[in-house]
Amino acid sequence: MNLVLLREEDFTAPGRVRIQGRRLRHVLEVHRAGVGDELVVGLLGGAVGRGRVTSLEGGLHLDVTLDRPPPPKLPLTLVLALPRPKVLNRTLAAATSLGAARIFLVNAWKVEKSYWKSPRLSEENLLEQRILGLEQARDTVLPELHLRRLLRPFAEDELPGILQGTLPILAHPGVPEPCPRAPGGPVTLVIGPEGGFIPAEVDLLARSGCRPVNLGERILRVETAVAALTGRLF
Ligand code: SAH
């Protein structure tokens, strides 16, 4: 947590907040903050600034000044085949830290049906993982998140619009074209499930306008592929 993310309801008066729970524990145990110390803070969806600890009684009391904009988002839309629940958490937090502006979680043949029933797909967890990613990256603005349980209608009806005005990249090991480096401008990046996309899905996505590219001979885990591809594209 490199930034204490505040919500409107944390404010007890203008410029004053009181925090409890996970954020309080983190500030005490990891930052080991005491009265008088300064922490980087930000308002969810708003500005970034500093908070001075004024008291630790009944929570963490801070006097805050919010005077800077959060870091800009990358012009990146990530289309991710739904990973297995544990990997979903890590990937969502990582994609948020990296600055993806928009994330779609979609179905694929090799996505197990049970993944869609996981409690990790609850609104609450999807929000929490993105918040962890924001706190990591000192950002305050949540990436948009959309769930699409059917790949074909998504690919045929919605994806062409999403791809418009962006470089449409489908990461798929073994295809001849290498992933471009820092092409400039907005990118839509499609990443497959742990078992990869099946050929019919690659065809479907390519018909919708995606360009299948490889990232080298090494097959990477989903969260590693997200980081490596984002680093290469921006
Ligand atoms: N066994 C699968 C690999 C899946 S890895 C297969 O052979 O297709 C999970 C996803 O990460 C892939 O679908 C792809 O989108 C991305 N990925 C991982 N390594 C990659 C590489 N070397 N080149 C392109 N995409 C890669």
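## A residue to start from

Let's begin with Arg-138, which is partly exposed, its relative accessible area being 41%. You will find Arg-138 in the loop that runs between H3 and E9. The backbone here deserves a glance: Arg-138 is not a glycine, yet its phi is positive, near 55 degrees. Please keep in mind throughout that this is a predicted model.

Another arginine shows a positive phi as well: for Arg-32, a residue other than glycine, the value is near 50 degrees. Arg-32 sits in the loop between helix H1 (21–29) and strand E4 (38–43). With a relative accessible area of 67%, Arg-32 is exposed.

## The six-stranded parallel sheet

Now to a sheet you can trace strand by strand. Six strands make up an open sheet with parallel pairing, and their order is E9-E8-E7-E11-E10-E12. Strand E9 (144–148) and strand E12 (211–213) form the edges, each pairing on one side only. On average, neighbouring strands in this sheet are turned by 20 degrees against each other, direction ignored.

Helix H6 (residues 222–233) packs on the sheet and touches strand E7 (74–81), strand E10 (167–171) and strand E11 (187–191). The direction of H6 makes about 155 degrees with that of E11.

For a detail of the pairing, look at strand E8 (residues 100–106), which is joined to E9 by five bridges in the parallel sense. Ile-103 has Leu-145 in E9 as its bridge partner. As background, strands of a sheet pair through backbone hydrogen bonds, either parallel or antiparallel.

## Antiparallel strands and a hairpin

Strand E5 (residues 48–55) and E6 are antiparallel partners, held by seven bridges, and Arg-50 has Thr-65 in E6 as its bridge partner. Together E5 and E6 form a hairpin, with four residues between them. In the turn, Gly-58 has a positive phi of about 65 degrees.

Strand E6 (residues 60–68) also runs antiparallel to strand E3 (residues 16–19), and four bridges join these two. Here the bridge partner of Ile-19 is Leu-60 in E6.

## How the helices pack

Which way do H2 and H3 lie against each other? Helix H2 (residues 85–98) packs with H3 at an angle of about 45 degrees, and their axes are 7 Å apart. The two helices are therefore oblique to each other, and their crossing is right-handed. Residues of H2 that take part include Leu-88, Leu-92 and Ala-93, while H3 contributes residues including Leu-126, Arg-130 and Leu-134.

On the H4 side the contact is made by Leu-151, Arg-152, Ala-155, Glu-156 and Leu-159, and on the H5 side by Glu-201, Leu-204, Leu-205 and Arg-207.

## One aromatic pair

How many aromatic pairs are counted? The count comes to one aromatic pair. The ring centres of Phe-104 and Phe-154 are 5.4 Å apart and the planes stand at 45 degrees, so the pair is tilted. Phe-104 belongs to strand E8 and Phe-154 to helix H4 (residues 151–163), so the pair links distant parts of the chain, 50 residues apart.

Are the two partners buried or exposed? Both Phe-104 and Phe-154 are buried.

## An exposed tryptophan

Our last stop is Trp-109, found in the loop between E8 and helix H3 (123–137). Trp-109 has 66% relative accessibility and therefore counts as exposed, since the cut-off for that is over 50%.

What does Trp-109 touch, leaving out residues up to four places away in sequence? The contacts of Trp-109 are with Ile-198 and Glu-201. Glu-201 is also one of the H5 residues in the contact with H4. Trp-109 and Lys-73 are 36 residues apart along the chain, and their C-alpha atoms are separated by 31 Å.

Methods. Residues numbered from 1 in each chain as written. Predicted model: local features only at pLDDT ≥ 70, side-chain atom pairs only at ≥ 80, totals over all residues. Heavy atoms only, no water. Pairing = 2+ DSSP bridges. Axes fitted to C-alpha atoms, helices over the stretch in contact; angles between N-to-C directions. Contact = heavy atoms within 4.5 Å. Phe/Tyr/Trp six-rings, centres within 6.5 Å; stacked < 30°, edge-to-face > 60°. Buried < 20%, exposed > 50% of the residue type's maximum accessible area, 1.4 Å probe, protein only. Parallel < 35°, antiparallel > 145°, perpendicular 65-115°, else oblique. Left-handed = near helix turned anticlockwise from the far one by under 90°.
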